Amino acid sequence: MPATPHLRPVPGSIPTSPGVYRFRDGSGRVIYVGKAKNLRSRLSSYFRDFAGLHPRTQQMVSTAADVDWTIVGTEVEALQLEYSWIKEYDPRFNVKYRDDKSYPYLAVTLNEEFPRVQVMRGAKRKGVRYFGPYSHAWAIRETVDLLLRVFPVRTCSAGVFRGARTSGRPCLLGYIGKCAAPCTGKISPEDHRALADDFCSFLAGDTGRFIRRLEGDMKDAALEMEYERAARLRDDIEALRAALEKQAVVLPDSTDCDVIALADDQLEAAVQIFYVRGGRIRGQRGYVVDKVDDAGPAELMATFLGQLYGSTEGAEENEGTGTAVPREVLVSHEPAAPEAVAGWLAGYRGANVDLRVPQRGDKRALMETVEKNAAEALARHKTHRAGDLSTRSRALNELQEALDLAEAPLRIECFDISNLQGEHVVASMVVFEDGLARKSEYRRFSVRGSGEGGAEQHDVAAMYEVVKRRFRRYLEESARSGEVARMGETGADTADGEAAGGDPAARDGHVIDDEPKPGKFAYPPNLVVVDGARPQAQAARRALDELGIDDVAVCGLAKRLEEVWLPDDEDPVILPRTSEGLYLLQRVRDEAHRFAIAYHRQKRAKALTGSALDELPGLGPARRTALIKAFGSVKRLAGATAEEIAAVPGIGPKLAEAVHAHLSGSPAAREADGAPVPNSTDGGGDT
């Protein structure tokens, strides 16, 4: 439905100044808040081409009944007002980052008469100081156990504390010196609070002061010949140092920064943040978000920074440092309007903030680690989402409707081609059944580049060849069984498409039978997906037509705009960006791409590190190692006589003659000493 006509303001009435605008629904509720450097340009973009808007933006404009705006002086003021309104109105169409899991915190209840140290999750409480978040609760308990030796703060629950107070006897921790026992009056409330303050100061990064103080006390005790006390202080120092070692040192001691990395795809994004205080990683947290428009990494990063530091929760995350915003904020992607964002953060902190993308050194190395965590968090979230039965059913139904299929595609096979400038051309086939990966039926192909596909090594010809080979085997299996084989038949194939077995690196975690069995190509898919646009889809359709197969649907998924191409249609099928069907196709395509890349790298590495000895039948790894160890290189071995080769333990005269004859005419004999010899075998399973 197009936008409501009366919603569009008269263009001349919209100012060109920076400002913040609000869309409201029919009941007056704010449904979207945005900012703009030029209000007229930004608001006009919502009404120029309704069909070209993101589907969720279309829904927002269609739902809105009114729009208003407020002019501000600078972009910084626009940021401040936007985040203030988002927090106040909680608009339904704005991006909302959410925790990807419930993280545990180390909390000190400073709002109690006798502060308590404990593990806490969930909503933050007023008057409680939080440290972390930590990835695991046991990490908190290990740290606390070490620190209680030096800072014996109360850790017991309210019930245990009342019971000890009534009985006059402390708990076990009080007897072993890991609690000052305020319940029995062994320490005053003031002194116990001072202990809790020292505990918090140590966790906040003020570590050197306490270690220096204990070292001084230990030396004084040794000079006074109080050796038992000196030994206890020595153990206390070691406990503090052990607690520090549990927090990895990644940057110089004076460094306080937040390291934020973002990973995204067409539908979702994940953000990971590492809190570095005093050069040590003090905590970690992750967020995920569903994309609601065409926002790129720059817009997503700007939005995240606003939600992180513009809320009371963001301040509590950093409470251990005494400020909501650290001196440095390192990001994987420069946010939109970086100067304005940096100015806004500086105003929030009360001092300059260095907002930048690290380019080199230790900070760049740490950023790469955080980026890997963000990518892993996104993959984990996608896997969790894919495991939902109702979501998978909805995805399959959407594909059936969008592609006009007779039934839902319960079995999907996806093909992808991988090569490097025409060298080592390989293909992958991955299988999804009922929306889940069936890794035992993954296959990989070495593209021959001859016969049906022609000699030219390009994606279209390679796709034609691989699809035809796969379905030719399907027809052969069906002919042998007298009917289309059923899903229950198992086994692998090595003659035309290798199973994901063999080399452990190539298996990539897939459980494969060691001994190949017939029948794996006998079960046909409902839908063939190829990585590419219409030419690749047409090549796959042509291969099926030539084999007389007309009951398998074909489509291509192009990476650039995530368009779905059908072989016979000139225009692509555009699935909504939030469609579960598109999400499933992307997962299938990305898995096929990953599997093809893994095989291509393995094959290329094997070609670079292969040896002429690999080609000799009957010469196993142990004997090859013995020969290389005895002669030093393949070149020297090629120059040896059969008698010299036979002198190597484990090499008989007959095998020595075979080695000598094999290497006499081998290219390895002419290679420079120690140079890699390309492997002349196919090495891909299409033997």
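**Exercise 1. Determine which residue of β2 stands opposite R22, and describe the sheet to which β2 belongs.**

Solution. 

Step 1. In this predicted model, R22 stands opposite V33 in β2.

Step 2. The strand pairing is examined next. Strand β1 (residues 19-24) and β2 are joined in the antiparallel sense over six bridges. Strands of a sheet pair through backbone hydrogen bonds, in either a parallel or an antiparallel manner.

Step 3. The sheet is open and consists of three strands in the order β2-β1-β3, with antiparallel pairing. At its edges stand β2 (30-36) and β3 (66-71); each has a single partner strand, so one side of each is left without a neighbour in the sheet. From one strand to the next, the twist averages 20°.

Step 4. Two helices are then placed. Helix α1 (residues 39-48) lies across β1, β2 and β3 and runs at about 25° to β1. Helix α3 (residues 75-89) also lies across β1, β2 and β3, running at about 170° to β2.

**Exercise 2. Explain why strand β8 is described as largely enclosed, and identify the strands with which β8 pairs.**

Solution. 

Step 1. A residue counts as buried when its relative accessible area is under 20%. Seven of the eight residues of β8 (residues 257-264) are buried, so the strand is largely enclosed by the rest of the structure.

Step 2. One partner of β8 is strand β9 (residues 268-277): the two run antiparallel and are joined by eight bridges. Within this pairing, D264 has A269 of β9 as its bridge partner.

Step 3. Another partner is strand β11 (residues 328-331), which pairs with β8 in the parallel sense over four bridges. Here C257 has E328 of β11 as its bridge partner.

**Exercise 3. Identify the members of the largest nonpolar core that touch the most other members, and state which elements supply this core.**

Solution. 

Step 1. The largest nonpolar core has 36 residues, of which I260, L305, L308, Y309, V329 and L345 touch the most other members.

Step 2. At least two residues each are supplied by β2, α3, β8, β9, β10 (280-290), α10 (297-309), β11 and α12 (338-349). The largest share, seven residues, comes from α10.

Step 3. Leaving aside residues up to four places away in sequence, V329 touches D258, I260, L305, Y309, L345, V353, D354, L355 and R356.

**Exercise 4. Locate M225 and D404, and decide whether each is buried or exposed.**

Solution. 

Step 1. M225 is in the loop between α8 (208-223) and α9 (227-245). Although M225 is not a glycine, its phi is positive, at about 60°.

Step 2. D404 is in the loop between α14 (389-402) and β13 (411-420). D404 likewise is not a glycine, yet has a positive phi of about 60°.

Step 3. The cut-off for an exposed residue is over 50% relative accessible area. M225 has 59% relative accessibility and therefore counts as exposed. D404, at 70%, therefore counts as exposed.

**Exercise 5. State the mean pLDDT of the protein, and name stretches where the pLDDT is below 50.**

Solution. 

Step 1. The protein has a mean pLDDT of 75, and 75% of its residues reach 70 or more.

Step 2. Below 50 lies the stretch of residues 483-495, which has 43 contacts in the model beyond near neighbours in sequence.

Step 3. Over residues 666-687 the pLDDT also stays under 50, and the model has 48 contacts for these residues beyond four places in sequence.

Conventions: Residues are numbered from 1 along each chain as its sequence is written. This is a predicted model: local features need pLDDT of at least 70, side-chain atom pairs count only at pLDDT 80 or more; totals for chains, interfaces and linings use all residues. Side-chain values use heavy atoms; hydrogens and water are left out. Buried means under 20% relative accessible area, exposed over 50%, partly exposed in between (1.4 Å probe, protein chains only). Two strands pair if DSSP finds at least two bridges between them. Axes are lines fitted to C-alpha atoms, for helices over the stretch in contact, and angles run from 0 to 180 degrees between N-to-C directions. Contact means heavy atoms within 4.5 Å. pLDDT is the predictor's confidence in each residue, from 0 to 100. A nonpolar core is a set of buried Ala, Val, Leu, Ile, Met, Phe, Trp, Tyr and Cys residues joined through side-chain atoms within 4.5 Å.
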